[in-house]
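I opened a notebook page for this structure and will write down what I look up, entry by entry.

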Amino acid sequence: MTDTAYDLVVIGAGPGGYVAAIRAAQLGMKTAVIEREHLGGICLNWGCIPAKALLRSAEAFHLMRRADEFGLTAEGVGFNLEKIVARSRAVSKKLAGGVGYLLKKNKVTVIDGTAKLKTAGVVTVTNKDGKPLPEISAKHIIIATGARARTLPGLEAGNRLIWTYKQALVADTMPKSLLVVGSGAIGIEFASFFNTLGAKTTVIEVLDRVLPTEDAEISALARKAFERQGMTIHTGAKVDALKAGFGSVNASLQLADGQSETLTVDRVILAVGITGNVEGLGLEELGVKVEHGHIVTGDFGETGVPGVYAIGDVAGAPWLAHKASHEAIICVEKIAGLPDIHPLDAQNIPGCTYCTPQVASVGLSETAAKEAGYEVRVGRFPFQANGKAIALGEPDGLVKTVFDAKTGALLGAHMIGAEVTEMIQGYAIGKTLETTEAELMHTVFPHPTLSEAMHEATLDHQGKQA
Amino acid sequence: MPIQILMPALSPTMEEGKLAKWLIKEGDEITSGKIIAEIETDKATMEVEAVEEGTVGRILVAEGTEGVAVNAPIAVLLAEGEDKSALDKPLPAPVVASASQSSATRTAGASSPSAASSDINANGHAAERMFASPVARRLASEKGIDLRAIKGSGPHGRIVRSDVEEAAASGSAKPAVSPGQALVPSNKSALSGVAMPDNQIIATYEQGSFESVPHDNMRKTIAARLVQAKQSIPHFYLTIDCELDALLEARQRLNMRSPKDEDKAYRLSVNDFIIKAMGLALRRVPKANATWTEENMLYHKHSDVAVAVAVEGGLFTPVIRNVESKSLVEISRQMRDLADRARRRRLAPHEYQGGTTAISNLGMFGIRQFDAVINPPQATILAVGQGEKRPVVKGDKIVAVTMMTVTLSCDHRVVDGALGAQLLSAFKSHIEEPVTMLL
C-alpha cells in the first residue's frame, strides 16, 4: 500500500466528516479527511457554535436589563458588538483546534485542499493555489461536504448590506433596523439576537407560521413571544425585490392580504434554507444521483455507486449537525461490517432553536401524527404552573406531548420556554427506547426543575383525548 | 462460589421440559458424568449427566415440575470446602414458563413451579429480565404474542416494536413446528385446533361416565402436529396392490442363511424389505424425495425413511438414514434397536427428527388398507396393509396370490399426482422383484 492509498477517504471535515473519519480510524481503517476550509465545518465555524456564543451575550444582556426585577443594580448596561463577535470567533477557533487534535490523536491524515472524485476509488485534490496534489485511492469514499445558504433568484446575498448567516455572524455594525427573510431556526435565531440588542426587527415568512417545522401550537406561542419583544412578523408573505442603496436596503414585500409594502432597513439577513455542496465533486460523471441540490442516499449513506457514500447536510434534511454525526457513525460501521447497525429514524432526531424563548422538539407534531393515521392523546403543561420557572422569572413556556392512544407510544414532544433545548433529550431517550406514557409517568423527576413540566405534560395526556 | 446446574436443552428447539425425576438428593457427592436427573421433553425422557463435581447443596426445582425453561437453574452444587452458608449468596431464580403455570394438569404431589420460584424470590432475588421495549411489551400483550418466542433485533437482542409487528404479521411467534421437530404448544387451543371449549365438551357427557386423564407431552405433540399437518398440507392418496410371493420367498431364503453366531444372526422382516424398497424408490424418483418450505423446495440427496413405532400412550417415528445405501441386514438391525429404545422412550431427539418420507404398517392388526397423515416436514407417508392370499386373475385363470395393499399420502405442494404414481410404481416393482433391491 502506498502513502496515498486509503481504506476510507472522507471529503469534508464538518460534524459529519470528522466524526466519520475518527470512527473509521478507531475501527482500524487507514483514513484521510480532505477539507478545503476549516476543520469542524460550518457547525463549528459558521453555524451552531458561534451563533450560540452570540446568543449567550444577548441573553446576558437581556438579564442585565432585567436586573431590577431580581433586586439587583446594574447601571450603564450596554454592549460592544465587536467584542461580542470576537468572543464568538474565539469560541469557534478553540473548538476547531480540538477537532484537529482529535483527528491527529486518532491518526487520521488531514489533507488541505479541494477534492474531486475521478472514479469511484480515486480522488484528486487541488490545494489552495489551485495546484494538483498527488492522487489518492480509497476503497470507500464518504462525501460530507455539507451545505450553504440557499439564495433566491433576484435576491442576491453575501454583501455588505444583504447578509447570509456568514456575514451576520461577524457583523461589523449594529443595524438599527433589520429584515430577516425566512423564519426557520437560522432566521429566528438571528432575529432574536439582533432584536434583543435593540435592532428594529421584521421577520418575513412565506409559510403561514413562524418556525414552520414545529408543532403549530408552539409556532403560535413563539410568534406571540417574539411580537411581545417588539418584532414585526409577517407570515404568508414574500419579498418581491431587494434594492441595495448606499447604507440601506429597500425591500418590496407582498403581504398575506395581497397588499404591497415597502420597507427600508439597514440590513437584510437571508435565511431561506440551504442547498447541498454538490458541485465540482465529479458526481454527475460518476452517476451519483443528485435531486433538489442534495445527494440521494439509502439507509446507511450509500449512493448507488459502489464505494461512494454521502452523509449530513449534503445528503438532505434535516440539516442538523447531530444528524450528520449519527449518519457518519452508522455509515462507517456499516462499511466496517459491524453487526446490528440500525438506520437512523428521523422521528428520533430532536431539533432545537436557541431564540428567546427557546424551542425544542422531537418526533411528530400533533397534526403530523393525525395525518399519519394515529389516534392521538395530547398532554400539555404550561411553565406558569412550574415552581422553578417562576423562581427563574421565566414563566412563559409550554410542554406538549403527543401519544398514540392505541399503544401508548410517545409519538412526539414539543417545548417552548427557558432551557428546553437542554430538556428535549429526556424525551429523545424515551422515544428511542420506545417508551409508552407509563414509563414516563413512573419516572421520578427531581424537584424543583423545569423538567417537572415534562412529567406533568405526560400525566396530563391521560384521559384527554384530542 | 456454588455452581448452578441449569436445565439442559436436549434438542435445538427445546424451550422447556418437565423435570421428571431426581436421581440425587441434597448432600450427595457427585462426580462429573453421574446421571443426576431425568428430563421429559416433548417426546423423550432423557437422562442428564453432571458436568461439574461437588456436593449437592440445594435442589431448586422439585421433581415433577413441568415447564421448566431451558437454562433455568435446577440445582446448586457446592464446590470442595464450601458449606451451606454459601447458598445464601444471591442466585438467580429459575425461569418458569407461563404456559405451565396456567396448566391444570400438574402431576399430583409435585410442587408447583410458581412455588419453586417464590422460594427463591423470598431470598430477595428477582426473576430473569426479559429485554423488550415498553411499546413492544404492550403490543405483544395486546396481540397475545409470547415475547419469548421472538428474536429481538435491537441493541443486545432487545425486542423492539418492529419485531413484535413482524411476528404478528408472519405468525412466527406462535409455536410453529420447524423441520423435523416438535414443540409443545404454549396454549391449549393450538393443541387440538378445536374452537369448542373444554367445559362444553365435558358437559356433553354424563358426569362420572368417563375418566379424565391429563395429556402428557407426547399426546400434546401428536395433537399439535397432526392438526397442523391436516390443516396445512393438501393431502391426496394413491393406492396400489403389490404381489408379495417373490418377496416372501426371498425373505425365507435369506433368513435361512442367517449365521448361527448370535452376534451375526439376523431375521429380516417384511417391513425391512418395505423400508429398503421405499428408500430405493425415492432414489429412482428423486423429485419426490423433497420437502416444502415457503421459499424453496428442498431436494434431498439421501433417502431417510421414518418408521412409525407404536408405544404405550402414543407413537414414535425413528428415522433410518441413507436407506438407499444400507443393506437389508443393516436396516433390520437398526430398526430393531430403534424400535426397542422407542418403546422404552430412550430415543435421542436426533433419532426421530428429520426424515424425507415415512412408513406406517398396520398389517399385523389385519388392516387391509388405510390412509395415513403426513408427518411434517416430510412430503409423503406410505400406509401398509396386511399381506393376504387373494384370488387374482392371471392370464385367464384365477390364482391365489399373496397381495399387500399400500396407500401413499402425498403433499400436493411437493408431489403431484403423476409423480406420486411414479414413486408408488417404483416401490411396487422393488417389492414384486426383490432381486432389484440388490442393484
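Predicted model: local features only at pLDDT ≥ 70, side-chain atom pairs only at ≥ 80, totals over all residues.

Entry one. I listed the residues where helix 3 of chain A meets helix 4 of chain A: from helix 3 they are A:Ile49, A:Pro50, A:Ala53, A:Leu54 and A:Ser57. From helix 4 of chain A they are A:Ile84, A:Arg87, A:Ser88, A:Arg89, A:Val91, A:Ser92 and A:Leu95. I sorted the residues of this contact by class and got seven nonpolar, three polar and two charged.

Entry two. I looked up the geometry of the pair. Helix 3 of chain A covers residues 48-65 and helix 4 of chain A covers residues 81-105. Their axes come within 8 Å and cross at roughly 145°. I noted the crossing as right-handed.

I found an open sheet of four strands in the order 1-8-6-3, with antiparallel pairing. Strand 1 (3-6) and strand 3 (29-30) of chain B are at the edges with a single partner strand each, so each has one side without a neighbour in the sheet. I followed strand 3 of chain B to strand 6 (residues 54-59) of chain B and found an antiparallel pairing over two bridges. There B:Ile30 is opposite B:Gly54 of strand 6.

I looked up the contact between the chains. Chain A brings ten residues to the contact and chain B brings nine. On the chain B side, helix 3 (residues 134-143) of chain B gives the most, with five residues. By class, I recorded that side as six nonpolar, one polar and two charged residues.

Technical notes:
Residues numbered from 1 in each chain as written. Chains lettered and ligands numbered in written order. Contact = placed C-beta atoms within 7 Å. Nonpolar A, V, L, I, M, F, W, Y, C, P; charged D, E, K, R; others polar. Axes fitted to C-alpha atoms, helices over the stretch in contact; angles between N-to-C directions. Left-handed = near helix turned anticlockwise from the far one by under 90°. Pairing = 2+ DSSP bridges.
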